[in-house]
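Hi,

Here is the structure I promised to pass on. My notes on it follow below.

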Amino acid sequence: MKRAVAIIPLVLAVIVGGFFLWGLNPNRDPSEIPSVLISQPAPSFILGPVPGLDVQGLSRENLLGNPTPVVVNVFASWCVPCRAEHAVLSALVERDGVRLFGINYKDQPVDAVNWLQNLGNPYERIGLDLSGRAGIEWGISGVPETFIVGGDGTVLYRYVGPIVGEEAVSTFRQALRQAGVLEERS
Amino acid sequence: MTPELGHFVLALALALALVQSTIPLFGAARGNLLWMRSARSTAFGQVVFVGLAFAALMRAFVVSDFTVLNVANNSHSLKPMIFKVAATWGSHEGSLLLWVFILTIFGAAVAAFGSNLPETLRARTLAMQAWISVGFLSFLLFTSNPFERVFPPPLDGADLNPLLQDIGLAMHPPLLYFGYVGFSIVFSFAAAALIEGRIDTAWARWVRPWTLAAWISLTAGIALGSWWAYYELGWGGWWFWDPVENVSFMPWLLGTALLHSAIVTEKRDAFKSWTILLAILTFSLSLLGTFVVRSGLLTSVHAFAVDPERGLYILGLLAISIGGSLALYAWRAPMMEGGGLFKPISREAGLLLNNLILATATGTVLFGTLYPLFLEAVSGDKISVGPPFFNGAFVPMMLPLVFVMGLGPFLSWKRADLVGVLQRVRFVVVLAVLATLAIWYFAKGGPVLAYLSILIALWLFFASLREWALRVRLFEVPLQESIRRARNLPRAAHGMTLAHAGVAVLMIGMIGSSVWKSEEIAFVEPGTSVNIAGFDVTFEGVQRVRGPNYIADQGTLRVERGGSFVTALKPERRSYPVAQSTTTESAIRSTLAGDLYASITEPSLDKAEESGAWTLRILYEPFVGLLWLGAAMLVIGGSLSLSDRRFRVGAPQSSKARSTKPVAAE
């Protein structure tokens, strides 16, 4: 009996070690795998609208067949950088006519509605991703994250983190230009 | 030339470690004194050689020798000297060298201070320590040579990540490693005891100071890391349940359990195989930490550059050391049981409960940390486990622990008089309840769990003081008599009171800063005013300031309360041209009641830039300062205990000291 108990730690350690061995597989990269969406088709997802908000939900269908690439932004009211980024995105929509879709990630609908009412809503459509399921499909590593999706549903570009600050904004604008959303600046 | 010398002495150290890992073992098996004693000289040799290698690497950083790849990647000629020195352990290779250096320091310390150990135990302990040395030295030499040259050498270095150029973080790895690696000695002691097949109260007495020393460093290291995250990352949080934080927290939890179970082994000759198991597992978790950080197994913000080959090598080391020691345990542990019996209400039972809860908590953190990996392996799904799980699973577990912690020191060994104990603590209960009600009256609102936690923290605080007061018979006898008694009390007793009270203080800090935190985020222009927690904060504008290797935008905030000037806060946004990144330097006004915390981010819009608008993030965190105070009390309490005469080397135990302390100190 004592012997059986004494062997338990070893057995557990061996099991955990087995998982580690599997985890070291060089083809596996815990932070990278889902982000190789670049030049891959956007994942299929269907998200309902945010209750209490007069904006339609978002699914993969909505990203298809657009004449110019569109921007998909993952945001949440609890995410502080999103608040700063909101102004940048709003400006892109207002001044440059970029089409912006939102994925409201793991957010309470009431908070999201308040947030958008306070700051204004630049999004054409917003899908509520309460479970974070779509976020996993898109392989986001945090909020905010922003994608540029082409008319054929291909992910053209991914920006991780808030598009805030001179450098970030110009990087993102450059990506928009390459995707053909913005005109090349003279 | 110096880097090559460094490389060469590392190889010499490996050779010595190989000798030390075998000869003393044979010596101990055959009773050959000469072979056993060889461990002493090889342990000293190792520390000298590895120390030389470490000095050689540090020299390369200090003189900015960019022909060394490691220096070119992690340093820059304009960097302040202190961060050049700290960059020595800023990379994977350098930090590993530091790891091994500390390992050999502990080995040499056992060789130097272990003269009162039995010859065979010391020889075997040092041999076990050498096994670990061999593993890590070969890892360093074969996969992560810190002295690799680069040709052609770059004109200047790529600079260390600016986030890491901070005094708090410069000291964080050495302290953490002293903790991690310190547990290696306890591990070696445990393995040696298993080989000997014998463990007694003397063994526990030798092990305790080493455990305590490692625990103190680990506590300080974790607290420092948490403090750094608090002021440097710019959003006022101090713990994120990130995998890398968790892997440093698990050895701490289990080390705390070990600290307490070793007391039972020492005083009552019980919990023997459990103490051994804890000793093995604590160091195993330290190794696991090293493995997780360096293998890229889990996603974390802390990870070093990832290399699967290195991961595989460390996994091999883990398999040998953890698998080997646990196999040894499975074989030998059943042979050594027995020891003192005790009743359900006794100090042993209290410490048993302490151990059970701490071990369960460790298991919970381990499971939460590794769950994403398990799930991905089994189902292919990828998830992350975040604060909600840990807060939900971990916090409720800690409350009963803290409750028992207040009660435990009142209990006597073997069989405690519960009625008597309750009589002694009833005022403590009343006091804690009244104080909680007072807080509830002033704070108005907040979750019930917060008040329950406060109640239990206050209970612990007052109970610890009460227990100390009982020992010195405060207010029962004239004050002078109490002072005399306090002087005669073993330092370990003072240490325990201080550390236990420190946990209570720490808890209040945690609760206050997470439950009653207020936060404002605003776009501000010069003249904009923000109101938070009774303070009026006015943004006065931004100035450009030049540092040695960065350019900063420094904001000025006027803080007023009720119309009168309180302070000016100057948060900065620093940009490092060479490393091409920016950091946030928050400005904090700290008082015991709470911190006013401000950070700024650059304007996000062209038009905002023209008008000079900035994103201002301002927080008020009540009692957050108590976190660091509590951590300091833990460290000081531990150090007091460590300086107790019983632990001091060669200090003979006077019979008087023994007879005047009927209650054991911990």
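First, some terms: two strands count as paired if DSSP finds at least two bridges between them, and strands (E, at least two residues) and helices (H or I, at least four) are DSSP runs, numbered from the N terminus. This is a predicted model, so local features need pLDDT of at least 70 and side-chain atom pairs count only at pLDDT 80 or more, while totals for chains, interfaces and linings use all residues. Residues are numbered from 1 along each chain as its sequence is written, with chains lettered from A and ligands numbered from 1 in the order in which they are written.

Now the sheet. In chain B, strands E9 (594–601) and E10 (614–622) run antiparallel, paired over 8 bridges. Thr601(B) sits opposite Thr615(B) of E10(B). Both strands belong to an open, antiparallel sheet of 4 strands in chain B, ordered E1-E10-E9-E8. E1 (518–524) and E8 (587–591) of chain B are the edges: each has a single partner strand, so one side of each is left without a neighbour in the sheet.

On to the domains, whose bounds come from an automatic or database assignment. Chain B splits into domain 1 (1–160), domain 2 (174–334 + 344–397), domain 3 (398–516 + 626–659) and domain 4 (518–625). The C-alpha centres of domains 2 and 3 of chain B are 25 Å apart. Their contact (C-beta atoms, placed from the backbone, within 7 Å) takes 27 residues from domain 2 of chain B and 24 from domain 3 of chain B. On the domain 2 side, helices H8 (201–232), H9 (243–268), H12 (347–379) and H13 (387–407) of chain B each supply at least two residues.

Cheers

Methods. Contact = placed C-beta atoms within 7 Å.
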